Amino acid sequence: MSNLIENLDTRELHFEGEEVDYDVSPSDPKTQEACIPFSAIYKTQGFKEPNIQTYLSGCPIKAQVLDVERFTSTTRVPSINLYTIELTHGEFKWQVKRKFKHFQEFHRELLKYKAFIRIPIPTRRHTFRRQNVKEEPREMPSLPRSSENMIREEQFFGRRKQLEDYLTKLLKMPMYRNYHATTEFLGISQLSFIHDLGPKGIEGMIMKRSGGHRIPGLNCCGQGRACYRWSKRWLIVKDSFLLYMKPDSGAIAFVLLVDKEFKIKVGKKETETKYGLRIDNLSRTLILKCNSYRHARWWGGAIEEFIQKHGTNFLKDHRFGSYAAIQENTLAKWYVNAKGYFEDVANAMEEAEEEIFITDWWLSPEIFLKRPVVEGNRWRLDCILKRKAQQGVRVFVMLYKEVELALGINSEYSKRTLIRLHPNIKVMRHPDHVSSSVYLWAHHEKLVVIDQSVAFVGGIDLAYGRWDDHEHRLTDVGSVKRVTVGSSLGSFTAEIESMESLSLKDKNESSKNPPTLKSTNDMDSKLKGMGKSRKFSKFSLYRQLYRHHLHNADSISSIDSASNTSSIRSLQTGMGELHGETRFWHGKDYCNFVFKDWVQLDKPFADFIDRHSTPRMPWHDIASAVHGKAARDVARHFIQRWNFTKIMKSKYRSLSYPFLLPKSQTTAHELKYQVPGSVHANVQLLRSAADWSAGIKYHEESIHAAYIHVIENSKHYIYIEVSPAHNQFFISCADDKVVFNKIGDAIAQRILKAHRTMCRGENSILGQLKAKLGNQWINYISFCGLRTHAELEGNLVTELIYVHSKLLIADDNTVIIGSANINDRSMLGKRDSEVAVIVQDTETVPSVMDGEEYQAGRFAQGLRLQCFRVVLGYLSDPSENIQDPVSDKFFKEVWVATAARNATIYDKVFRCLPNDEVHNLIQLREFITKPILAREDPIRAEEELKKIRGFLVQFPFYFLSEESLLPSVGTKEAIVPTEVWT
């Protein structure tokens with residue numbers, strides 16, 4: 001057989017394709033066209049498949065033998081010569097080390113291939129290769145025949161040149177260049193030359209041991225040492241991660257991220273394996289087995305050298321203990337309320353070319369991201385995702401899997417709805433409460449990442465109730481009509497249907513009959529009894545009121561519905577001027593969650609509260625967008641969570657749920673899309689993460705550390721927007737030891753030494769301040785809420801605006817925006833998972849601080865001014881100077897005065913609850929029996945309400961202060977550990 005192979009005519013065989021023998025610069029447009037797309041990571045095939053794209057099209061591979069190392073031995077074993085070969089392919093350059101015997105084995109493998117390709121073996125792979133063979137005019141290059149032991153040292157240069165020529169000629173012949181033995185010899189694979197994966201590192205076939213995961217339950221018998229198996233895998237090293245693939249299928253079987261715990265150890269003592277190599281990170285201890293101790297040392301050294309050169313940033317312990325470095329000169333943008341945020345998210349999704357990552361505490365597939373709805377279903381979230389999936393974009397969604405008895409967000413419905421849209425949409429839910437023993441904590445982060453180049457971070461879920469603008473409307477009973485701006489401004493040119501008549505079908509599915517939805521009026525009679533009022537569903541003020549027969553008295557709707565007419569308004573929306581009875585919130589999106597929990601989420605366009613009698617609860621929130629390296633960091637966190645969930649839950653271990661790969665920081669500056677209105681600043685990603693949420697060995701609480709640092713180092717002012725329902729400024733606990741985060745301490749220390757919650761008890765912030773400063777505390781700190789009013793069906797109504805923000809601004813130069821509430825759940829790292837971003841300005845604008853000239857940050861000051869304009873009512877009236885936030889003129893005469901005046905007027909007109917006059921339930925009974933001006937004298941009430949400016953109101957400190965609001969003994973709420981509420 002060997003004679004047959006040696007005597008074959010080497011001129012007879014050649015693969016289809018021209019010989020590559022020209023130079024192409026990496027910056028050449030031809031090279032750019034030849035790039036392997038990043039999406040190729042999702043289309044990997046078995047290594048022996050004949051039609052794999054491994055190389056850059058039309059780009060040569062240059063080989064140069066740089067050096068030869070001669071290893072002598074004291075035994076009779078012949079000396080070993082190790083050749084260092086440097087290879088260049090387009091922008092990629094890498095080295096492999098090969099012995100002469102490797103060249104010989106490689107050459108024999110090619111000769112066998114050449115022989116067997118002529119034999120008509122009836123397999124698909126073999127037939128494909130034979131069909132693509134044509135005559136080759138030149139002979140296959142030959143190897144030197146003389147033994148290495150017979151070569152003198154001065155002849156090594158000639159031997160190097162011979163081997164170099166051999167590879168050069170061979171790599172110009174497509175038949176051999178594309179063969180799997182060639183790619184293995186060169187240390188390349190289908191993932192080697194993908195531009196966005198960064199520089200090419202070492203690759204090769206290894207044996208890896210199963211197990212080693214940090215999380216109990218992921219290893220056989222619970223321990224990696226108890227039982228394991230060895231598997232043959234192709235290992236690939238990149239600048240910020242390692243992965244290995246299954247050679248037979250080409251599937252990516254595991255991804256190991258480089259982090260601050262990344263270490264490499266060699267030797268039997270460290271690995272419990274002969275010729276072993278151990279790789280550690282925060283998530284796993286990976287054991288590899290090599291052919292020899294020298295081979296293991298070479299692998300370990302090569303990996304360490306490559307990571308130190310290209311990924312050293314990932315090895316460091318960054319500021320605040322964060323997993324992410326400070327990314328300088330990063331484009332960033334802020335959002336006040338969801339209108340602009342949703343629009344930018346929709347536009348960014350529309351520009352996606354490869355990937356969309358989404359993770360939310362709650363996601364509602366049918367929400368509209370652009371409102372009012374003037375383009376049918378085009379900007380509905382599920383329609384956007386389906387459209388992008390049909391274009392080939394991969395969509396990955398991670399949802400919090402709630403405890404159904406405690407929450408009614410129905411993540412199962414969201415998952416089922418999304419995965420039915422297209423195979424390119426993959427949805428995971430986590431955690432599995434029983435298997436993970438995680439019952440109390442949640443994935444609370446809200447992220448959207450586009451192509452790992454643009455990321456949205458903040459407190460806004462893509463869910464019902466979140467969309468709002470600066471008007472914070474209470475009512476929404478009509479439909480929308482648009483006027484074309486032009487010569488005929490007075491005439492309507494288009495009438496936009498209300499949601500009841502909007503087709504639910506996709507434009508591409510015209511064959512399907514859309515479901516018919518009843519109008520709101522038809523449904524009004526059925527609204528009673530659809531689900532239960534929130535006052536019965538969990539511990540709340542409403543339950544307390546009900547027990548004392550006061551449940552009909554609440555501040556949600558002060559006046560009963562008595563009219564069927566609604567006011568016609570004209571407003572500016574950014575979609576042109578709109579006239580008519582405006583409708584922005586359809587079906588379940590019109591909500592007042594304090595009055596009633598969401599029900600029947602599988603019927604998204606059916607109302608669940610009567611919008612003709614109950615006002616909605618407006619939603620005030622903050623978010624941000626970041627680009628480039630910071631967006632890569634957001635994507636890295638998502639990828640870490642996705643890959644962890646994939647190996648944690650058996651249902652996601654199939655190939656249909658792929659491992660995700662982080663793009664390289666070296667290409668992060670290549671922005672294909674940029675969010676309009678962004679400014680440059682220094683940005684760092686922060687998070688709360690732990691073993692249960694991200695699969696990491698040590699928990700991270702960098703958000704907590706950043707809050708404390710910024711507060712302690714502030715020089716002029718701190719402005720915080722937080723949700724009173726979720727933050728310890730606004731709760732009290734029976735035991736001072738319950739609260740562990742130090743943010744209350746830090747704030748109080750900036751004014752006086754104190755800790756914990758806002759206003760209850762001698763250890764509260766106000767308790768300490770009053771003890772030291774008396775009534776002077778009001779010169780240093782203020783606590784406010786937001787409230788608004790409207791006319792609904794001819795009646796005056798009022799409602800609190802739900803402040804869901806998680807925002808801190810300090811000194812007009814530093815901002816923290818994220819999903820983390822100021823409580824132990826969010827801040828301690830071991831509990832809820834959270835993500836935030838700290839932005840520090842590098843671009844400044846002239847300003848004033850405490851009466852003196854000051855260079856304010858463009859990002860921070862712009863956000864602070866917008867927040868102030870919204871809450872103070874100065875969006876369209878620049879008459880009041882709000883430039884200086886700490887001057888007495890602004891703080892006392894504008895901020896405090898506006899909040900006090902508004903609160904007084906609302907109390908006078910509506911007798912609102914909560915109220916500082918009410919300290920106990922007896923006083924509450926008396927309070928609600930007194931007449932309400934809005935009901936007794938609506939005309940006078942309207943005159944009073946005209947004095948309201950903005951939304952700012954003083955926060956009531958002493959409402960029910962004499963009552964214990966802790967859950968009663970025997971209730972399900974009392975059974976739950978106290979830390980759940982803190």
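F241, L243 and M245 point one way from strand β6, while L242 and Y244 point the other way. All of these residues are buried. In a regular strand, side chains alternate between the two faces of the sheet. The model is a predicted one.

**Strand β6 and its partners**

β6 covers residues 241-245. The strand is mostly covered, with five of its five residues buried. β6 pairs with β5 and with β7, as the table shows.

| Partner of β6 | Residues | Sense | Bridges | Residues between the strands | Opposite residues |
|---|---|---|---|---|---|
| β5 | 230-237 | antiparallel | four | three | W234 and M245 |
| β7 | 252-257 | antiparallel | five | six | L257 and F241 |

β5 and β6 form a hairpin. W234 stands opposite M245 of β6.

**Helices α23 and α24**

Now to a pair of helices. α23 spans residues 858-872, and α24 spans residues 888-910. Their axes come within 10 Å and cross at roughly 50°. Angles of 65 to 115 degrees count as roughly perpendicular, and those under 35 degrees as roughly parallel. α23 and α24 are therefore oblique to each other. Their crossing is left-handed.

Which residues of α23 and α24 meet? From α23 come F868, V871 and L872. From α24 come F890, V894, W895 and T898. The residues of this contact divide into six nonpolar, one polar and no charged.

Notes
Residues numbered from 1 in each chain as written. Predicted model: local features only at pLDDT ≥ 70, side-chain atom pairs only at ≥ 80, totals over all residues. Heavy atoms only, no water. Buried < 20%, exposed > 50% of the residue type's maximum accessible area, 1.4 Å probe, protein only. Helix = DSSP H or I, 4+ residues; strand = E, 2+ residues; numbered from the N terminus. Pairing = 2+ DSSP bridges. Axes fitted to C-alpha atoms, helices over the stretch in contact; angles between N-to-C directions. Parallel < 35°, antiparallel > 145°, perpendicular 65-115°, else oblique. Left-handed = near helix turned anticlockwise from the far one by under 90°. Contact = heavy atoms within 4.5 Å. Nonpolar A, V, L, I, M, F, W, Y, C, P; charged D, E, K, R; others polar.
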